[in-house]
Amino acid sequence: MADDDPGPTTPAPDHDTAPMKPKRPGERPGGAPPPPPPSHVDEPEPRPFGTRESVALRLAGVESLEGLSPEWAWGGSTGKGVRVAVVDSGIDADHPDLEGCVDRDGGVVVSLGEDGEPMVTPGPHEDMFGHGTACAGIIHRLAPDARITSIRVLGAGLSGKSNVFLAGLAWAVEQGFDIVNLSLGTGKRDWALPFYELCDRAYFRGTFVVTAANNMSRPSFPSLYASVTSVACNLSRDPFRFHYNPEPPTEFLAPGIDVEVSWRGGTRQQGTGNSYAAPHLSGIAALVKSKHPELRPFQMKTVLWATAANVQEAPTAAGRLTAALAASRLTALGGRATTALRSVSRSSGTA
Amino acid sequence: MNVVLQSILGSAADVTGAQQGWVVVPDGDALEVVAAVNSGDLIGVTVQGDTGPAAYVLASGQPMAMMPRADDPAATSGVAAHVGVRPSAVLCVPCAHDDEVLGVLELIDKRDGGGFTFDDVELVTLLAGIAGAALRPDPATREVRSPEELSTELRQLASTDPTAYIGVASVLEALLARG
């Protein structure tokens, strides 16, 4: 640079003609330093009640809902550290398919005592039918390191009583299980309120309750409640492929047709029913909970929604899927998947 | 014989291609056959209700289709065992009315040798709903509690409302005294 070079000059800005540049928050015109803040700003800004700096307030590594992917949700997870309760007919803990994942000593049998009240008997027990083993096997296939506990509420004679069922679920909630799989329900309206209160308690305590939807045209409790996650069948053979159903109370569809399931006595068989769809979602939830233990039930439901196959594959942004679009997408995916949606709609319409 | 129930069961068997079928209702700890198709004279037969798909469906309220292995003892329990068949395919659906499961409609072995499909589950579920209406108890007896239930309720009443309990007990005593 020559000595006589005046060098760059900085003309005074002409605020009337100069093009507007975007300003950062707090930036002053002309780059002037901001004035000193008013004295009241020195005081800590009050936060809304109940908020705190915590992972509970944000999902680590997720900038927006579109960032909620299956890889983020459960990639690399095995379900380790997660406790899953299966409320059913018992579990054949020695079944080779279960590979020792069952907390044999931690299980309980709930039955009616002589006084007509439910009583809880801890300790190992067998599967009275095979269905609980089937549910446990599905969960174990998806989340091999999750610890599964049997809560047997269908006892000798397989006589299911609503108060026994309620007591079994209450025990699971009190024990603080992460996931509870319920592939059964009761239609008795007298028990609707106790189940409602109990499922709310589970929800607020952080227990994620997964129920099988009832595909009959009558209500079934607690599958109708918003505090639980109700699941019906889709047509997929891929155990990780589940769908969001935009017509509640059934909120998700998962594999439940011609599923190869473990059965009591170390056997296997093929089964069909919503009761096999629920443990598929329980298994996925166990994987998610293992990787993201901080998730509350409503966050878990949001993660499942965002990672559902029809939401992930939706042509528009996640969350903009309409019921009609979901049906057409499912038809394309599964050929006859609208049958499942129709079935769900029918049951939900009577709820 | 309940002709309506029999007709519903026959339709369910026809539409699914099932070879045999029956409707059972709880009778204490047992299951009683109240309708049957292609299975001989089964009506009135009672079987043990502690294992088998019908017992599970009655207790759980969930419909179920299954293809049991030949070595599964549960598949040959219940009515199938009584008939002497080892089914290769089973479809069980609860027959419900109002808020109660009153029985189970069970079909076994499709004529084509395959398993019951999800469409079969849906169709038979609809028919079982009608069967549930056909099974509803007589209004004159539907509110009558069993002695065990009455005893339990009375004990609960005694602990929660002794005054009401004394009133009920007085009425019962008077009734018993009059024979």
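## Chain B: worked exercises

From the N terminus on, chain B runs α-β-β-β-α-β-α-β-β-α-α-α. Helices (H or I, at least four residues) and strands (E, at least two) are DSSP runs, numbered from the N terminus. The model is predicted: local features need pLDDT of at least 70, side-chain atom pairs count only at pLDDT 80 or more, and totals for chains, interfaces and linings use all residues. Residues are numbered from 1 along each chain as its sequence is written, with chains lettered from A and ligands numbered from 1 in the order in which they are written.

**Exercise 1.** Describe the spread of chain B.

*Solution.*
- Take the radius of gyration over C-alpha atoms; the globule rule is 2.2 Å times the number of residues to the power 0.38.
- For 179 residues the rule gives 16 Å, but chain B has 20 Å, well over that, so it is more spread out than a compact globule.
- The C-alpha trace of chain B spans about 65 × 35 × 30 Å along its principal axes.
- An automatic or database assignment sets the domain bounds: domain 1 is 3-134 and domain 2 is 147-177.
- Their C-alpha centres lie 39 Å apart.

**Exercise 2.** Find what chain B brings to its contact with chain A.

*Solution.*
- Count contacts (C-beta atoms, placed from the backbone, within 7 Å): 33 residues of chain B meet 41 of chain A.
- Elements giving two or more residues on the chain B side are α2, β4, β6 and α4.
- α4(B) gives the most, six residues.

**Exercise 3.** Which strand of chain A pairs with β4(B)?

*Solution.*
- Pairing needs at least two DSSP bridges between strands.
- β11 (267-272) of chain A pairs with β4(B), antiparallel, over three bridges.
- A:Gln270 has B:Met67 as its bridge partner in β4(B).

Definitions and conventions:
Two residues are in contact if their C-beta atoms, placed from the backbone, lie within 7 Å.
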